[in-house]
Every structure is written in C-alpha cells, then in structure tokens.
Amino acid sequence: MSFPPHDISVPFDFPREEEKVLKFWQEIDAFQTSLKLSEGRPEFTFYDGPPFATGLPHYGHLLAGTIKDIVTRHAHVSGFHVRRRFGWDTHGLPVEQIIDKKLGITGAADVMKMGIDKYNAECRAIVMTYASEWRKTVTRMGRWIDFDNDYKTLNFPFMESVWWAFDELYKKGLVYRGLRVLPYSTGLMTPVSNFEANMDFRDVNDPAVTVGFPLVDDPSTMLLAWTTTPWTLPSNLALCVHPEFTYIKIHDQEKDQNYILHEGLLRTLYKDPKKAKFKKVGQFQGADMKGWRYIPLFEYFTEAFEDKAFRVVVDTYVTDSDGTGIVHQAPAFGEDDYRVALASGILRPDEAPPCPLDDACRFTSEVPDFEGLGVKAADSPIQKILKAKGRLIVQSTVNHSYPFCWRSHSPLIYRAVPGWFVRVANIKDDLVANNKETRWVPQYVGENRFGNWLANARDWNISRNRYWGTPLPLWVSEDYKEVVSIGSVEELERLSGVKGIVDLHRESVDHITIPSPSGNGVLKRVDEVFDCWFESGSMPYAQMHYPFENKELFQNAFPADFISEGIDQTRGWFYTLLVLNSHLFGKAPWKNVIVTGLVLAADGKKMSKSLKNFPDPNLILDSMGADATRMFLVNSPIVRGDNLRFREEGVREVISRVLLPWLNSFRFFLGHAALFKKNTGTDFQYNAHAPVNNVMDRWVLARCQSLIKLVREEMAAYRLYTIIPRLLELIDELTNWYIRFNRKRLKGDEGKEDTLLALNTLFEALFTLCRTMSSYTPFMTENLYQTLKTFIPENPNAGDIRSIHFLSFPEVKEEYFDVDIERQVKRMQAVIELSRNIRETNNISLKTPLLELLVFNANKQYIQDVEPLRNYIQSELNVRNIVFSSDESASGVRYRAVADWTVLGRKLRKDVGRVRNALPNVSSDNVKNFLETGKINVDGIELVTGDITVQRYLEIPQASQKQFATNTDNDVVVRLDIQVHPELVGEWLARELTNRVQKLRKKAGLQATDDVHIFYRFEEGAGGEILAAVAEYSDMIRKSVGHVPTDISSRKEQGGEFLIEEEQEVADVKFLLYLVKP
C-alpha cells in the first residue's frame, strides 16, 4: 500500500489522519515487521504489568501504556530488539466479586452447594469480557504490543511456573503456616495483604465508647477501657496497661463509683475535668497492676478461658494520646492483642482465640445475643446491653481515618486467620540493597515511599480462602505434620499416580491425593489458593514457563531494563515483584522504574463512573486524536510522580500549541518546494550533507543536533518529562524564527542555489523532528514522513524504509554543532523580544517603520555576537538604524539594585524595613562597584552577593521620554526611538497593503505556487498616499506577493478568472481589493 498523498489545501483532521496511519500499519504489519527487522540486535527487556480484562481501560491505563510505548519504541530505534507482550491478570477476587454479585453468593456454603467446578467455569467465562475493547483502545493510542502472543495468569504453563516458584521458596524454608491477625475484607470474605490494606483510607464516623470492668476484689471500682469497635467486646480476654504509665483511682461523686484510668486522660471521662465532681483516691504504676482480675463483660467464653484470662496484662504498645490508657484486648481482632495474649500466657501458640464470626463477618451462635448480625450492625445492640448492665460509662462518636477494601469498597477488619506465609521480614536488608541498585524516576519514590515501605516489610500472607486462582501446591496430612510441596506437574503425576493432568485449577487437582511418605494414609491438598499478587509478581518467569521452557531466553533477559506503573503499585506489583525475585534470584527484577502519579478528574476528584466526572477516553481519541492525548499526559507533572487533573482543554492546547505549528511548518515546506519547482523546473531533493554557510541555517541545524543529543541523554535517564518542552522550543524556533527570517530565501528571492540550501535546511529540521519524536507522536511523524521520504534520493542500502518507525534514531551530526552560533542567535532573540515588547507596550505595530534602536551591553563579546546579525534585527523590528555600544557613559547606562524581600526578610528580620527604604536611593556608581566587590552598605547594613540583584537600565531625560522607550533582561539593554517619522510612512503603507493581500490569498485558499493578479478600487480622490507608496515600494511588494496591485479598470485588458473581493481599510482609507486568476 502507498500512503495517501498529502494535500496541503485540505484541512488536517488529526483523528482521521491517525486512522489512515493505523490502516497503513495494519497493511504492512508494521509492528511485527519492526520486530523481524531488529532480530539479532541486543535485547531490551520490558515487563508489562497485567491488568484485569473485567473492566474497561481508563486514563491511568492510557498513561501507563503511553509511557511504556515511548520507552520501548525508543529502545527499538536505538538499536535494540524489544519483545512486547501484553499480559492479563485473570484470577482472584476482582473476578470472583463479579460472579458472587451475579449469582447472589454470600459465603462458602453457596459455592460448595453450586460446586467449585461450576463456580470456576462462571469465572473463566468472564475473565476476558473486555479484551476486545482493550485491544481496540490500546491500538488506537498507537501502542505497539503483542496481543496475539499474550500471557494469561490462568494458562497452564503460567500456573506451573508459579508452583515452581513457591516450591523453591518452600525448599529454602521461606514458607510457613501460622495464625496471624490480618486485614480481612468484609465484602470479599477473605484476608488481604498488608500492603493492600493501605490502599484505601476514608474518614468515617464510628462509635467511641468507654466501658467499665469491675475488679473481682473490689466490684465498686472499675477499670475503664475505650474502644471504637464495640463489636469486639464480646471476645474480650484481657485489659492492657503500659508498665511505666501512672494510673489514678478516682471517686465519681455523682455516680458514687470508683474508676481507674490514666492520670492524663480524664477528658475521656469528663467534658471539662476542672468542673467535674470527683476526687482522687489512689495512684498506681502500670507495672503494679499486672495480674489484677476483673469481671468479664459477657459470659460467652468464660468457661474456656476463666482460669487464665480476664486479667490485666502489660505492654509498651499502649499510648497516652487518647482513650483511657487501658486497652481492651480481643486477640482475634488485633495484631498487638494477639501478640500480647501469647506473651502473657492467655493463649498457647497452637490455640485459636475466640473469633465468633463466619466468613461474611456475621456473628455465629457462639454469641447468641447477636447471632446473624454483621460486625458493624452489632455495635448498637452491644452498647444497649452494656448500658443495661451499667458497664457503658461514656457513649459518643469519633471521626477518624479507617481502612477500606480497595476492591469491594467495604470496611476492612482485622481478624485472626490461619494461612500460609512467605518470610519477608528476614530479608528486609536484601530488599533495601536490591532497591538501591534501581534507577527510580522520580528518585524520591524509590528512596522514600518505596524504601520506607521495604524497611518495615512484614511476612506476606500468600494464601486466600477462595476458589478461582492458582491452588497452593501443598499436600498435607490431617494434622499438618506431613507436608509435601509440589513444584511441577510431572512431580504431581509421579507422586500421585494420576496421569494426563492438563489443568491446575481447584476442580482439576483438589481430588488428587498423594500416599503418605511415612505410610499414614494419604495426603490431601490444602484448600487455599494463591493471592493473585503472587501470580502477577511471578510474571517475569511465569510468562515464559520458566524453568520448564525458555531457560536461556529468560536468563539472558533478566532483569528487565524497564517497567512502569502508577504510584499505587509501590505497595502492590512493584513490592511483590521485588520480594519474589529477591528470594528466587537474589536481585531486583528491573533496572529502571518510571512511577506515575494518578490521573484525576478536572475537579481534582478521583475519576468516577457513577459521578460521570470525566470524558470517555474513546471520545477524546475520536475527537482530538491519540498524539495530542499522549503528549498531554506525558508533558505533565504525572510523569514525575505527581497527580494530573485531566482536562479536555489541555489536549486541545497540545493541538494548537504543538501539532498545528509543526504541521504548518511542514506544509510551508511543501508549498515552497512546489514553488521552487515551478520557478526553476527542478525537483527539490534532500542532500544529507549539503554545505551550510547561512547563519540561520547553521543555527537551526545546531538546534536540531541539540534536540537529538538531549533526547538521547534524557531517554537514557528515563526523564520523559524534559523532552516535550524542548520539542516546543524547536517548533517555536522553526516557525517563529527560522521560517519567519527566511521567507524571502525560501521564496527564491536570493537565487536558485540559496533557495535550495534553505529548503534543504528546513527539510533537515522537519526530518529530524519526525525521527526524534517518532516515539512520542507515532501518528504525526509517520504521516509527515510518508511525504518527506518522497524527497529523499533512493538508496539501495537503506533497508526497509516504508515506515519512520523502521528507521534508526538520528545520530548527532557533529559538523552541525556550533555553540557560538547558538549563543549569537540566542542573544539576537533577546534583543528582538525586548524591542518587540517596547512596540507592544506602546501600541506600535511591527509594520510601522521606526528610526533607531540602541543595543547596549558592557560585554564586548555580546556586541560582537549580535552586530553581524544586524540585518535580521532590522528586518524583524522594522527599524532603519541600529547602534551597538559597550560604552556606558555614551549610552547613558546606569545601575540599580533590587531585592527578593521574602528571602532578604528571613535574613535581616527587623532590619529589612531600613534596607527597603534606603535601597532605591543607592547611587548607580555604588551598585556598579558592588558587581566588582560583592559587598555594599545600605543604611549601615552590609549586603553581600546573593542578597540583591543588579539591573542595568537606560535613564531617559524627561524631555526625551516621548521619543524613546527602554527595556532590559538584566543582561542587554535596548532603547527604541518610538516616534513615527513622516519619511517612513510610505514604507509602512506599502507593508500594510502587502499584509492585506497575503490575508486575502489565505482566505481564497491559495498556495505559494498559485499566481494571481491583484487589483484595487478607491473612491474618486481617495488613497493618494497609498498609491504613492505602491509606486515607491513596487519592488518590495512584487517580491512579497508576486505582482504589483493595479486599478480594477485595467482588468479587462488582462482578463482572467475572478477569485475573491473584499473591502479593506488602511490608514482610515477604505478600498476594495480583488484577486484574479490569470
């Protein structure tokens, strides 16, 4: 397929043009072709974090996909072979949650009644629900990744590699079974990982109750405990105090009751302790209270625990920041509670604490008063009973931050759950060391957020009491004294005698038994499945079915050169990847990590489907295109780990500020290449090594080399956010400086050879832009390249050049580097911009000729840099004479000092007022002397370098202030004669008329190659000054618009096709202007 030719006369519809590119890529099988072309090159390894296909892609996915695509595309054009496989998370709670909702499943009994095989079949049927939508959106974003050779965590090879990884950990003694108090999702009915418990905190109102526990030896005295979880009180086994805290016994005169609590926490008992009616009757150290016995709140567990529970224990985890300084202990529902109960002998290590809840966190028959109630629903009835018993001393509410399940959005509780754990705490130092080998972008995420998390890493509960997942490969005896870990299907078949195992899900392996190695019956598989984070953390090796296949391929490609995900994955995928691969291979599974912030709605809130507070990504792609979306996302704080508010206006701004100027530069080149052919009969052909002598040619090509160098360096450092600002600069330099300054050359005014050189320079700049930015804007660069390549001479050794994405990244052409030229032009730009600003401030159009510009700089090198560019400055500023000077006295240059008062105020404090008042009166000579000495005395206070900034300025006498205006950037000073001189008015009129003709040509849709006659009609007796200007400046007008305008009365003699007419006004004179095609 040949790409459709570019028509510069037709409006450029970015989304529709991108669709043409997609079709072109499809027809040449561009992605797979690029992989074949790069075979044999060094490998660049990239791991793609697997999403679930049970939901649609959102802007966070588009952002991550864009970053991954930019980095992997750039690696490809930089000489690497880059395999890119899409992956899918297919197991676990996100899938089960959908099925439970669909089938009305509320607990394990419902699943058992239905059958695990049927339940898992339902799960399997939905895991790829939106796969086609994912593929469509990812492809539309321009991302090149292999969907046909994807990996899925439910595939047999992947699951077998997960078994292998677990077995390796088990053989190293890194897996154990234990009872742990873990975060538990009330909505999903399963424990979750500690890192998952930190993903969704919300401010909620909870009951805050103070409860009394009468002492066995003195029932008139109550120990007071405070809690925000009344539902845990039926399981109370102890009260904990801090051994070093001081507790007081008071007598409440209104209630005639004694209470014991921390000496500094009376505010929990009384709103205003100073006004409360009580008196202190005793004082104790916490250590002295150890062993005191109290009367239980409820009788549910007294029979089982009466001989060792319901007493005071001590531990230093108790705080005195709130509550009463006495903490109620329910070992099944608190990590510290459980630890203290074991340490105090209330529980044995093999003994389960009271946990009267079912899987759905509803009370069981063990506590008949609340049976069937959910934990939060039971708070109120529990308080009611306690109040009736006289045990509820204070009843209130508290607003605090509480953890929620990030998947089901239901509250988390902490409860004791038996499970299988991977040891992590014992390798914290290794994790920290391996992490230090990583380049994190931004660095602070790796060092602080992730580094701090690793430093406090705890053992990881990798088991889930669920059904749709990879089963734990553990076969055990009933008493768990015999445990066999299985690392492969071959091993399971050999030990069990069962042959032909082709699936590893529960319905396929739960029935398989293994004869006991000691001859004690058979071993059965444990019920649990893996936490799906274990599976996604296994993807580096499991996607390759390592070590059963691709052993050498994996070892050569590990660790990955690059991964990228959102900042939330520092406690998710990044963490599990590091833990598993540090255990298995002793190193981090990556070299470079880019961490992004979160994409928020325009109002700063989290994007929500229910709130409909964000536009459909597909609508944005269809209306504004993928390139604009990609650039908006990447050119933002989000690639530095900060959050981004998604704004449609932001995407539109990319089109107007970046893509349209770039396109217009390209179309300008095409128009003038066509004009060159029309005028000379010669086709323009690109010369990659054309001689470059013109100063602006040398400058823009030097700027192109700087861009190439910057992109190479910044991409090597994975700093994507530095590149688009530099692209913006080059596009601005190309359109507003190079093209603007070289219109006459490009039009042919300086002769054929010079026009050819100017066209070649413009082509080189556009070709460099396309090749340099192809990873960022794959559609635009492809579209432009397809036309640009028609100007490149055929080269039989060039290889496959059908797509810009098949070309290598451009090398820096050292011969084009010229720091002197870059400095010269930068200084010229400063002079021009300062002078333009004077014109704007004084409302003087650039088309109005001015008489004189003075340019001053004390540095003679500065003047030597800009003086050779006099013609450019004169032309751009429309000024007749320029005076360059380094002579301060002759130019009237003076010096003044200014200060950043916020900074200086912190240093001088009360003396800053004195300096503020005196600084304007410091003489110019004293300020100039400060530049040499670095010291100055202001009202008796010495200031040094860094305290103040020195500005040069021109002092204009009062009598001349209407004639001159000045401007400075603290380096160069300019003074412009702003008077309009009558002798220059004719040229101004000629320029105004030329401007009207150019605008009319544009309105008529004419291209540079289109030749038209120009006519005018004035009212009788009007327009004499304009006509005189046309006669005087006829050569300038002819060079600008092709013909000198003539009176409409002469049209009959010349004939031609009428194109457009429009009324114009110049210098308060109205007239008609006509364009006629010959």
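This is a predicted model: local features need pLDDT of at least 70, side-chain atom pairs count only at pLDDT 80 or more; totals for chains, interfaces and linings use all residues.

Visitor: Is L659 buried or exposed?
Guide: A residue counts as buried when its relative accessible area is under 20%. For L659 the relative accessibility is 1%, so L659 is buried.

Visitor: Which residues does L659 touch, leaving aside those up to four places away in sequence?
Guide: Contact requires heavy atoms within 4.5 Å. With residues up to four places away in sequence set aside, the partners of L659 are F14, D627, A628, M631, V654 and M780.

Visitor: How far apart in space are L659 and S365?
Guide: In sequence, 294 residues separate L659 and S365. From C-alpha to C-alpha, the distance between L659 and S365 is 69 Å.

Visitor: How many disulfides does a search of the whole structure find?
Guide: A disulfide is a covalent bond between the sulfur atoms of two cysteines. The cut-off applied to a pair of cysteine sulfur atoms is 2.5 Å. Across the whole structure, the number of disulfides found is zero.

Visitor: Which cysteine sulfur is nearest to that of C361?
Guide: C361 takes part in no disulfide. C361 is also buried, at 1% relative accessibility. The nearest cysteine sulfur is 8.2 Å away and belongs to C355.

Visitor: What is the radius of gyration of the chain, and what does the globule rule give?
Guide: The chain contains 38 helices and 38 strands. Its C-alpha atoms fill a box of roughly 120 × 85 × 55 Å along the principal axes. The chain is more spread out than a compact globule, because the globule rule for 1078 residues gives 31 Å and the radius of gyration is well over this, at 39 Å.

Visitor: What percentage of the contacts with a separation of 6 or more joins residues 24 or more positions apart?
Guide: Of the 1078 residues in the chain, 56% are buried. Among contacts with a separation of 6 or more, the share from residues 24 or more positions apart is 75%.

Visitor: Which residue does a cis peptide bond join to P559?
Guide: P559 is placed in the loop between α18 and β23 (563-566). Omega is about 0° for the cis bond, and the partner of P559 is F558.

Visitor: What is the phi of Y718?
Guide: Most residues other than glycine have a negative phi. Y718 lies in the loop between α23 (695-716) and α24 (723-741), and is buried with a relative accessible area of 8%. Although Y718 is not a glycine, its phi is positive, at about 60°.

Visitor: Is R909 buried or exposed?
Guide: R909 is a residue other than glycine with a positive phi, near 55°. R909 belongs to the loop between α32 (901-908) and α33 (912-918). Since the exposed class begins over 50% and the relative accessible area of R909 is 65%, R909 is exposed.

Technical notes
Residues are numbered from 1 along each chain as its sequence is written. Side-chain values use heavy atoms; hydrogens and water are left out. Buried means under 20% relative accessible area, exposed over 50%, partly exposed in between (1.4 Å probe, protein chains only). Helices (H or I, at least four residues) and strands (E, at least two) are DSSP runs, numbered from the N terminus. The radius of gyration is taken over C-alpha atoms; the globule rule is 2.2 Å times the number of residues to the power 0.38.
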